[in-house]
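Please open the structure in your viewer and display the chain as a cartoon.

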Amino acid sequence: MALPRYLAMTPAELSSDGPIPRHFAWMACHFSPWSEGLINIPDQLPAEAMLILNDRMPCQGHCPDLVARQLTDAVEKLGCESVLLDFQRPPEPESAAMVRTLTDVLPCPTAVFESYAAESNCSVFLPPCPLHLPLKAHLAPWKGREIWLEAALCQEDIVVTSGGVSYIPRFPPEHLHGGFPEQTLFCRYRTTVSDSQVCFTLYDTPESLEEKLEQAETLGVARTIGLYQELGKLNEAR
């Protein structure tokens, strides 16, 4: 079975005339700023969609039981295939309690961001693999857990000076082209040399990212999630 690649779309993107990806993710439900529950729960979705709840609005003063009921009702009403708890703020007691409640009761496959993975036995959602790190090493700490991997076009500078080595992610990436292939890391690179340092710029291209995702499948990654606005054309070309 091919690796399912979910593309997250905003409400505006979903309402446009563009094609709906085969594996669709709703981006996203939010914690309400004025109540104990959620906002931005959709009225309808494509069949077997992934529902994303993120913490753009912090989880503060929200009721886990209410949120669990709202998400469960949405999953059942909309026929959602899965839920992603994309909580990327540092864990706090309230948000950790929310994760424990939701992963205990949601009636479908569910994943949590890696910083909350110790709170449950559900799937682990990992950020994109740092470009200087082999994908196998990125996945290794979570051996035995189902892994959902974020897919994105990334860029990173490795700066070497007399004082040591620095790894500097670049966001947003410049979407560079050309350069030289790095077959082990499944990316490309350029080198800049000055009197005081050497800088290796590592970056993804659509082609190298495709190779990386093919490797992810061989390493047992269960699914990937990326942004429709960034990866839509890449998925259409498959």
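Begin with the protein chain as a whole: among its contacts between residues at least 6 apart in sequence, 61% join residues at least 24 apart. Please keep in mind throughout that this is a predicted model. Colour the chain by secondary structure, and six helices and 14 strands can be found.

**First stop: helix α3**

Select residues 93–105, which form helix α3. This helix has 13 residues, and the distance from its first C-alpha to its last is 19 Å, close to the 18 Å expected. Which residues of α3 are buried? Show the side chains of S95, A96, M98, V99, T101, L102 and T103 to see them. An α-helix has 3.6 residues a turn, so residues three or four places apart point the same way.

**Second stop: the largest cavity**

Rolling a probe the size of a water molecule over the atoms shows where empty space is left. How many cavities of 30 Å³ or more does a search of the whole structure find? The search finds three, and the largest cavity has a volume of about 70 Å³. Select its lining: P128, C129, L135, L149, E150, A151, A152, D204, L209, K212 and L213. The elements that give two or more residues to this lining are β8 (147–150) and α5 (206–218). Helix α5 gives the most, with three residues. Colour the lining of this cavity by class, and it divides into eight nonpolar, no polar and three charged residues.

Finally, turn to the largest pocket, which holds about 750 Å³ of space. Its lining has 33 residues, and the closest to the pocket centre are P128, E150, A152, C154 and F171. Two or more lining residues come from each of β4, β5, β9 (155–161), β10 (164–169), β14 (223–227) and α6 (228–236). Which element gives the most to the lining of this pocket? Strand β14 does, with three residues. By class, the pocket lining has 21 nonpolar, seven polar and five charged residues.

Conventions:
Residues are numbered from 1 along each chain as its sequence is written. This is a predicted model: local features need pLDDT of at least 70, side-chain atom pairs count only at pLDDT 80 or more; totals for chains, interfaces and linings use all residues. Side-chain values use heavy atoms; hydrogens and water are left out. Helices (H or I, at least four residues) and strands (E, at least two) are DSSP runs, numbered from the N terminus. The expected span of a helix is 1.5 Å times one less than its number of residues. Buried means under 20% relative accessible area, exposed over 50%, partly exposed in between (1.4 Å probe, protein chains only). On a 1 Å grid over the protein atoms alone, a cavity is a set of points where a 1.4 Å probe fits but cannot get out, and a pocket is an open set with protein on both sides within 12 Å along at least five of seven lines; lining residues have an atom within 4 Å of a point. Grid points are joined across faces, edges and corners, and a volume is the space filled by probe spheres set on the points. Ala, Val, Leu, Ile, Met, Phe, Trp, Tyr, Cys and Pro count as nonpolar, Asp, Glu, Lys and Arg as charged, and the others, Gly among them, as polar. Contact means heavy atoms within 4.5 Å.
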